[in-house]
Amino acid sequence: MVNSRGYSHSRASSTSKFLPRKPTLYTITVYIILLFAFSIVIFLFYTRDVLEDEQKPLSSEDSQFVQMQDELWNAPSSHGLHPCVKPTSKYKATQGWDRYMTVKSNGGLNQMRTGISDMVAVARIMNATLVIPQLDRRSFWKDSSTFADIFDELHFMTTLQGDVRIVKELPKQLESVPRARKHFTSWSSMGYYQEMTHLWEEYQVIHVAKSDSRLANNDLPIDIQRLRCRALYHALRFSPQIENLGKKLVERLRSRGRRYIALHLRYEKDMLSFTGCTYGLTDAESEELRIMRENTNHWKMKKINATEQRIGGFCPLTPKEIGIFLRALGYLPSTLIYIAAGEIYGGDARLLELKSRFPNLIFKETIATQEELKAFAHHSSQTAALDYIISIESDVFIPSHSGNMARAVEGHRRFLGHRKTITPDRKGLVDIFDKLEAGQLKEGSSLSYLVTKMHKNRQGAPRKRGGSLPGVKGRARFRTEESFYENPYPECICSSKKH
């Protein structure tokens, strides 16, 4: 016991010599200060090169690259132009006419929007009360949406109350009276509709069976042209449900990347069938499109030469061609691209070559929840309205084909300040794509030079609306004119005194 205790005591004594003393508050403070100072030295050492690099001017190559990227995204100069839709001093307020015009709109969303705007102007010319138009339910999309489902009905009526009297429906006492049923002539003048007022001598109600392209693009009084702009750009606001979700989707796109392209990829079944464009499709797909065209009664052209269509520049660019086009312009593979379109013909497989060049393809389904899109299911005009909002707000808009939406979006972007819109020269590009296919040209600087040069003046810069093609006579010339809604300059876009 004694030996054991003695051993323990001597071991404890010897060990205590090596135990550290309890550090004082002063010692701890000194250690912390030294550690902090050492950290600062290390930080300054490693960031010295970074700070020096930031102070160095960009090399000529880097500056050129930055400048090129800015040019790709920057809108063209508007040269002081601005929207002008106010009526002139000669314009008189509307009166409460006791004669009514009912309208059946035809076509997809944007065909109906521009048609309704025309009908507002026609009602004004003919001194008629306009009944809220019925929307097309029989077209390819078979959308059952009503006017109030897509548009803010009350806003439409109140915005135009000084221009045209608008009512939700016919008075009950007029529901069963005989109506004059008219297919007004396309691209008609002011004089044509003034002559049509003789119908009021026999009828109190005129029913218009078609609304699209019923007014001339040119040679109309400025107050009528500005009324068309007020109707389309101010009065035909989308319903709150559509507007709210559209704005949310734009915000979500911005959160993914500061800038984005809205690509109207019009490579859908109905467009390919209607135009007879089968380049790159299988025999089975081509036959399916031919049968669809044969079975669609209101499509007049049944036999179409697909090769001639493509060479003439009448076909939408394929997803692969769009990918080549965008890379040739100089857009980086990391570019965020929103696909403003319905179901792409051929599905995801058809998008593979576009996606290999630009992996960041975004669809509605990518940025909206299933719950958010649930209310829009089976309502293609409502989903097209979402695409329209996102396209209008994009940094760059590029349509693969010059259809109704492409023209409407381009015109609206011009109206809002000539936001950048790149319109592919499809006819010119076909020749380039064929040379690529034949191995006579390769992707790279030579291709980029050709494509960039070809599209130098196709980026939405201000210009007056184009007239009919030379040599085209009679009423056929109207079909070749640039649409009023594609470019409402100069009637609805004015220059400031400073410019």
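Me: Which residue is the bridge partner of Tyr100 in β6? And how do I read such a pairing?

Reply: Start with the general idea. Strands of a sheet pair through backbone hydrogen bonds, in either a parallel or an antiparallel way. In this predicted model, Tyr100 has Val205 as its bridge partner in β6.

Me: Which strand do 3 bridges join to β6?

Reply: That is strand β5 (residues 180-182), and the two run parallel. You can follow the partners one by one: Ala180 is bridged to Ile206 in β6, while Arg181 stands opposite His207. To get from β5 to β6, the chain passes through helix α7 (residues 190-196), and this β-α-β crossover is right-handed.

Me: Which way do the residues of β6 point, and are they buried or exposed?

Reply: Look along strand β6 (residues 205-208). Val205 and His207 point one way, Ile206 and Val208 point the other way, and all are buried.

Me: What is the order of the strands in the open sheet?

Reply: The open sheet has 5 strands in the order β4-β3-β2-β6-β5, with parallel pairing. β4 (166-167) and β5 stand at the edges with a single partner strand each, so one side of each has no neighbour in the sheet.

Me: How should I read a helix such as α13? How many of its residues are buried?

Reply: First, the general idea. An α-helix has 3.6 residues a turn, so residues three or four places apart point the same way. Now the case here: helix α13 (residues 319-329) is mostly covered, with 9 of its 11 residues buried. Among the buried ones are Pro319, Glu321, Ile322 and Phe325. Just after α13 comes Gly330, with a positive phi of about 115 degrees.

Me: Where can I find a positive phi in a residue other than glycine?

Reply: Here is the background. Most residues other than glycine have a negative phi, and most peptide bonds are trans. Asn127 has a positive phi, near 55 degrees. You will find Asn127 in the loop between α4 (109-125) and β3 (129-131), and it is partly exposed, with a relative accessible area of 29%. His378 also has a positive phi, near 65 degrees. His378 sits in the loop between α16 (370-374) and α17 (380-392), and it is exposed, with a relative accessible area of 75%.

Me: And which peptide bond is cis?

Reply: The bond from Tyr489 to Pro490 is cis, with omega near 25 degrees. Pro490 lies in the loop between α21 (476-480) and β11 (493-495).

Me: How do I read empty space inside the structure? How many cavities of 30 Å³ or more does a search find?

Reply: Rolling a probe the size of a water molecule over the atoms shows where empty space is left. Searching the whole structure turns up 1 cavity of 30 Å³ or more. The largest cavity has a volume of about 110 Å³. Its lining has 14 residues, of which Arg310, Cys315, Pro316, Thr318 and Glu321 lie nearest the centre. By class, that lining has 8 nonpolar, 3 polar and 3 charged residues. Notice Glu321, which is also one of the buried residues of α13.

Me: What does the chain look like as a whole? How many helices and strands does it have?

Reply: The chain has 21 helices and 11 strands, and buried residues make up 47% of its 499 residues. Of the contacts with a separation of 6 or more, 79% come from residues 24 or more positions apart.

Note on methods. Residues are numbered from 1 along each chain as its sequence is written. This is a predicted model: local features need pLDDT of at least 70, side-chain atom pairs count only at pLDDT 80 or more; totals for chains, interfaces and linings use all residues. Side-chain values use heavy atoms; hydrogens and water are left out. Buried means under 20% relative accessible area, exposed over 50%, partly exposed in between (1.4 Å probe, protein chains only). Helices (H or I, at least four residues) and strands (E, at least two) are DSSP runs, numbered from the N terminus. Two strands pair if DSSP finds at least two bridges between them. A crossover is right-handed if, with the strands pointing away from the viewer, the path from the first strand over the helix to the second runs clockwise. On a 1 Å grid over the protein atoms alone, a cavity is a set of points where a 1.4 Å probe fits but cannot get out, and a pocket is an open set with protein on both sides within 12 Å along at least five of seven lines; lining residues have an atom within 4 Å of a point. Grid points are joined across faces, edges and corners, and a volume is the space filled by probe spheres set on the points. Ala, Val, Leu, Ile, Met, Phe, Trp, Tyr, Cys and Pro count as nonpolar, Asp, Glu, Lys and Arg as charged, and the others, Gly among them, as polar. Contact means heavy atoms within 4.5 Å.
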